[in-house]
Amino acid sequence: MTDVMVAVLVEHRGNEIAQPTLETLTLARSLGAPVAVWMGDQPPADQIERLGAYGAAEVRVVEVGDGARHAVTAAAAVGSATADASVVLMVSTFANKEIATRLALATGAGVVVDAAGAQMVNGRVETTQTVFAATWDVRTRVNADKAVVTLRPNTTQALPAETPAAPEVVSVIPLLPEVRESMVSVTPVEREDGVPLSEAPVVVSGGRGTGGDYTLVRELADVLGGAVGASRDATDEGWISHEHMVGQTGVTVTPALYVACGISGAVHHRGGMQASGTIVAVNIDPDAPIFEIADFGVVGDLNDVIPQAIAAIKAHRQG
Amino acid sequence: MRIVVTVKFVPDLQSQRSFTDGTVTRTAEDGTMNELDENAVEAALQLRESLPEGEGEVYAVTVGGADAVAAVRKALQLGVDHAVHVSDESIAGSDVFGTARVLAAAVHQIEKDGPVDLVITGMAALDGLTSMLPTALAAELDIAQLTLASSLTVADGTATIERHMADAHETVTAPLPALVSVTDEANKPRYPNFKLIMAARSKPVTTWSLSDIGVDPVQVGAMASRTTVIDASPRPPRQNRVTVTDKGDGGTQLAAFLVERGLA
């Protein structure tokens, strides 16, 4: 089975590999022999070592500069670096889903996006996904000889390989197509400290019930080591920036713990968080639909409940 | 300017959604036009309305079985000029590439009456949520792709969008013809009013089969699909759920729950 080459597109911020890539490499090892594809400048030695620790026998570096922001260019670059791979895995992001689509069109591959897992069955890739706001499980078989799969963060536990590899670093010269689109401006989003929302193991979100004050939500997120999310209501009100929006048109999250503070739980919101491990909700309205999917719900004022919970968690830790 | 908007017939979000034989169950009773396609229709109508009378034309196109006509009828009620329904038994079970091929052929068919400048889609369909169709359709049409637009302006034969990616806000431009997918931030969709609903009743829906638009049936449908759903099952509801009412110790109980689960 090790003869199956599984290429993994590395997500990295600057020179730092994002955690979901390590999850993807872990999954790749269960499908075959992983090869990492690094789009960007030559990665530093410690990051190559890290990819090796998670089983990448080879790191293919393909440099396309700002072209990486165009799906057409990025897909061609990934295609050049993965021509001999039977499976191409990526982390599920909006950008990667476009790359996956273009790559599949160019290669005849079958593509599954937002998978929660994958396995090799009789030489074919089979994936699992949760759909319909995480109310259904679906298994999909890729019929084509090549499979392109994007994997949701937090769905596979990242584990280093038993035997680390010392990856060979190979430069790939891509064949790039004509690009019709032009990037007029790129304004980086200022990142808050900590892990990005989509990758966070804990997410604490605030909605209309916060009245626009995120102090308690942030404090609880800090205590639990989580990222801050929000409902559509809150981002529409301008209480918090759009990057924080959890929902089917915002960020989809699958943390081990999701805490919804003052969020009613409209279907649009649930679609972005319902696959979370444990769901906790605090809402003043006992009829809020969020309680239908919460493992633990408190009907009450979050201004009372959250400070008390924070104090109790701190007290517990101090033993 | 001639604009084609693609719209999809999907199960209502509030309905009990399910699968039948590996595809999403779609019935006339609980089906509707994909909510995110309302933003695409709105973007097209706003562009038309920014032009002098008679210089803009909007087509709504859907692909699907008999019930799917509801999606283009909704678009007519919102004010599009023409509705096209591509329906053919051979389409059932298509993957995104099959659907893109059919839509591209429909766009080419519309082009026989004059050039199409813009194709506008929603950012995703709320049933599958894959967001793949816009890219696949742009590739199939071999035109520029401007996806996930939170704003769209068209001037001097060029489309310009803003998009909010996870790491950066981008402004991207491309010459027409182009495909644009718009997010739900792009605009506030209008509601159909009584006058439009009455007017929509008398507007015809053009129905095309695959042979009408020159698509070989073997290139689409379940047989051509590169992926097959082999199992679909409802997830069991969460077990042992607890809801307490705060009587002064709600926060303490919440903390105890988190500690017990090893989460705090």
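In the predicted model, helix H3(A) passes helix H4(A) in a right-handed crossing. The axes of H3(A), residues 71–81, and H4(A), residues 94–107, come within 8 Å and cross at roughly 60°. On the side of H3(A), the contact is formed by A:Ala71, A:Val72, A:Ala74, A:Ala75, A:Val78 and A:Gly79. These residues meet A:Glu98, A:Ile99, A:Arg102 and A:Leu103 of H4(A). Classified by residue type, this contact comprises seven nonpolar, one polar and two charged residues.

A helix pair is also found between the chains. Helix H8(A), residues 302–317, and helix H7(B), residues 250–260, have axes that come within 7 Å and cross at roughly 45°. That angle makes H8(A) oblique to H7(B), and the crossing is right-handed. From H8(A), the residues involved are A:Val305, A:Gln308, A:Ala309, A:Ala312, A:Ile313 and A:His316. Their counterparts in H7(B) are B:Gly250, B:Gly251, B:Thr252, B:Leu254, B:Ala255, B:Leu258 and B:Val259. The contact of H8(A) with H7(B) contains eight nonpolar and five polar residues, with no charged residue.

E8(A) is joined to strand E9(A), residues 124–131, by five bridges, and the two strands run antiparallel. Within this pairing, A:Gly117 has A:Thr128 of E9(A) as its bridge partner.

A parallel pairing occurs in chain B, where strand E6(B), residues 57–63, and strand E7(B) are connected over five bridges. In this arrangement, B:Tyr59 stands opposite B:His82 of E7(B). Four of the five residues of E7(B), which spans residues 82–86, are buried, so the strand is largely enclosed by the rest of the structure.

A:Thr21 is located in helix H1(A), residues 19–31. Its relative accessibility is 0%, and A:Thr21 therefore counts as buried, the cut-off being under 20%. With neighbours within four places in sequence left aside, A:Thr21 is in contact with A:Val8, A:Leu9, A:Val10, A:Glu11, A:Leu51 and A:Val91.

A:His12 belongs to strand E2(A), residues 12–13. Because its relative accessibility is 23%, A:His12 counts as partly exposed. When residues up to four places away in sequence are not counted, A:His12 touches A:Ile17, A:Ala18, A:Trp38 and A:Met39. The C-alpha atoms of A:His12 and A:Ala221 are 24 Å apart in space, with a separation of 209 residues in sequence.

Methods
Residues are numbered from 1 along each chain as its sequence is written. Chains are lettered from A and ligands numbered from 1 in the order in which they are written. This is a predicted model: local features need pLDDT of at least 70, side-chain atom pairs count only at pLDDT 80 or more; totals for chains, interfaces and linings use all residues. Side-chain values use heavy atoms; hydrogens and water are left out. Axes are lines fitted to C-alpha atoms, for helices over the stretch in contact, and angles run from 0 to 180 degrees between N-to-C directions. A crossing is left-handed if the near helix is turned anticlockwise from the far one by less than a right angle, and right-handed if clockwise. Contact means heavy atoms within 4.5 Å. Ala, Val, Leu, Ile, Met, Phe, Trp, Tyr, Cys and Pro count as nonpolar, Asp, Glu, Lys and Arg as charged, and the others, Gly among them, as polar. Buried means under 20% relative accessible area, exposed over 50%, partly exposed in between (1.4 Å probe, protein chains only). Two strands pair if DSSP finds at least two bridges between them. Angles under 35 degrees count as roughly parallel, over 145 as roughly antiparallel, 65 to 115 as roughly perpendicular and the rest as oblique.
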